[in-house]
Amino acid sequence: MFLAVLLAALLTACGSRPPVPDWQMSAHGAAERATAAYLAGEDRVAQQEWARARAEVARTGRPGLLARVELMRCAAQAASLEGGACLAFEPLRPDAAPPELAYADYLAGRATPAQAALLPPAQRAAAASVDAIDAITDPLARLVAAGAAMQSGRATPQLLVLASDTAAAQGWRRPLLAWLLLRAQRAQAAGDAALADALQRRIAIIESGGAPAAQAPKN
């Protein structure tokens with residue numbers, strides 16, 4: 001899972017090694033909280049925590065590390081169908097390592113075969129075949145792979161169901177809404193009114209926060 005690799009890169013000291021610098025601990029925690037808040041749809045908290053993670057990493061003066069933080073944010077966005085170019089990563093591209101460059105292009109749906117070889121194993125398999133996405137055990141990594149498949153035009157109807165089921169199982173409001181909306185749009189376009197209505201009912205539950213539906217007044 002690439003996100004885990006990125007987090008591990010920020011927090012590598014253990015055992016008999018020197019104590020972990022404060023900036024690593026702070027950046028690691030902020031990035032995890034930012035990702036969780038973003039997936040939950042808590043924009044204000046997510047923005048604050050991403051800013052904190054960036055500020056902590058910026059203390060090192062290493063743009064390559066900052067590029068990894070931005071890729072983490074863009075991966076969460078791809079999982080929520082807010083893909084495309086990773087804009088905050090682009091100014092850092094000159095100092096990013098080849099695996100990070102490959103991952104950025106993968107998220108944007110334009111990774112070359114040579115770049116795909118640099119991806120983590122799960123995403124490498126997903127880049128080769130969308131059927132491999134179902135076998136990804138980590139839910140966020142699975143959603144990232146699904147988002148990347150959408151960007152590259154390789155998503156299947158079955159993948160959309162897998163992605164929405166994955167987000168639902170985790171209670172991740174933002175990606176779940178995005179995938180359900182996409183499925184509802186496609187069902188409507190295909191003339192499947194029953195499926196579209198069922199998906200809209202699920203969307204309404206999420207958007208209402210579970211509040212009871214308004215009842216018609218009694219005569």
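# A guided reading of the model

Q: Which residue is joined to Cys 74 by a disulfide?
A: A disulfide is a pair of cysteine sulfur atoms within 2.5 Å. Here Cys 74 is joined to Cys 86, with 1.8 Å from S to S. The link is right-handed, with 85° about the S-S bond. Cys 74 lies in helix 4 and Cys 86 in the loop between helix 4 and helix 5 (98-107), so the pair ties together parts that are 12 residues apart in sequence.

Q: How many disulfides does a search of the whole structure find?
A: The search finds one.

Q: What kind of model is this, and how are residues numbered?
A: It is a predicted model, in which local features need pLDDT of at least 70 and side-chain atom pairs count only at pLDDT 80 or more, while totals for chains, interfaces and linings use all residues. Residues are numbered from 1 along each chain as its sequence is written, and side-chain values use heavy atoms, with hydrogens and water left out.

Q: Are Cys 74 and Cys 86 buried or exposed?
A: Start with the cut-offs: buried means under 20% relative accessible area, exposed means over 50%, and partly exposed lies in between (1.4 Å probe, protein chains only). Both Cys 74 and Cys 86 are buried. Across the protein chain of 219 residues, buried residues make up 42%.

Q: How many helices and strands does the protein chain have?
A: Helices (H or I, at least four residues) and strands (E, at least two) are DSSP runs, numbered from the N terminus. This protein chain has 11 helices and zero strands. From the N terminus on, its elements run α-α-α-α-α-α-α-α-α-α-α.

Q: At what angle do helix 3 and helix 4 cross?
A: Two packed helices are described by the angle between their axes and the distance between the axes. The axes are lines fitted to C-alpha atoms, for helices over the stretch in contact, and angles run from 0 to 180 degrees between N-to-C directions. Helix 3 (residues 43-58) and helix 4 (residues 63-79) cross at roughly 165°, and their axes come within 9 Å. Angles under 35 degrees count as roughly parallel, over 145 as roughly antiparallel, 65 to 115 as roughly perpendicular and the rest as oblique. Helix 3 and helix 4 are therefore roughly antiparallel to each other.

Q: Is the crossing of helix 3 and helix 4 right-handed or left-handed?
A: A crossing is left-handed if the near helix is turned anticlockwise from the far one by less than a right angle, and right-handed if clockwise. The crossing of helix 3 and helix 4 is right-handed. Helix 3 makes the contact (heavy atoms within 4.5 Å) with Trp 50, Ala 53, Arg 54 and Val 57. Helix 4 supplies Leu 65, Leu 66, Val 69, Glu 70, Met 72 and Arg 73. By class, this contact has seven nonpolar, no polar and three charged residues. The classes are these: Ala, Val, Leu, Ile, Met, Phe, Trp, Tyr, Cys and Pro count as nonpolar, Asp, Glu, Lys and Arg as charged, and the others, Gly among them, as polar.

Q: At what angle do helix 10 and helix 11 pack?
A: Helix 10 (residues 173-189) packs on helix 11 (residues 193-208) at about 155°, with the axes 9 Å apart. That makes helix 10 roughly antiparallel to helix 11. The crossing is left-handed. Among the contact residues of helix 10 are Leu 176, Leu 180 and Arg 183, and among those of helix 11 are Leu 199, Arg 202 and Ile 203. By class, the contact has 11 nonpolar, two polar and four charged residues.

Q: Which residues does Arg 202 touch?
A: Leave out residues up to four places away in sequence, and Arg 202 touches Ala 168, Leu 176, Leu 180 and Arg 183. Arg 202 sits in helix 11 and is partly exposed, with a relative accessible area of 32%. Arg 202 and Leu 180 are 22 residues apart in sequence, yet 7.9 Å apart in space, C-alpha to C-alpha.

Q: Is Gln 115 buried or exposed?
A: Gln 115 is buried, at 16% relative accessible area. This residue is in helix 6 (residues 113-116). Not counting residues up to four places away in sequence, Gln 115 touches Leu 101, Ala 102, Asp 105 and Arg 110.

Q: Is Gln 158 buried or exposed?
A: Gln 158 is exposed, with a relative accessible area of 57%. Its place is in helix 9 (residues 157-170). Gln 158 and Asp 131 are 27 residues apart along the chain, and their C-alpha atoms are separated by 9.4 Å.

Q: What is the phi of Leu 81?
A: Leu 81 has a positive phi of about 60°, although it is not a glycine. Leu 81 is in the loop between helix 4 and helix 5 and is partly exposed, at 27% relative accessible area.
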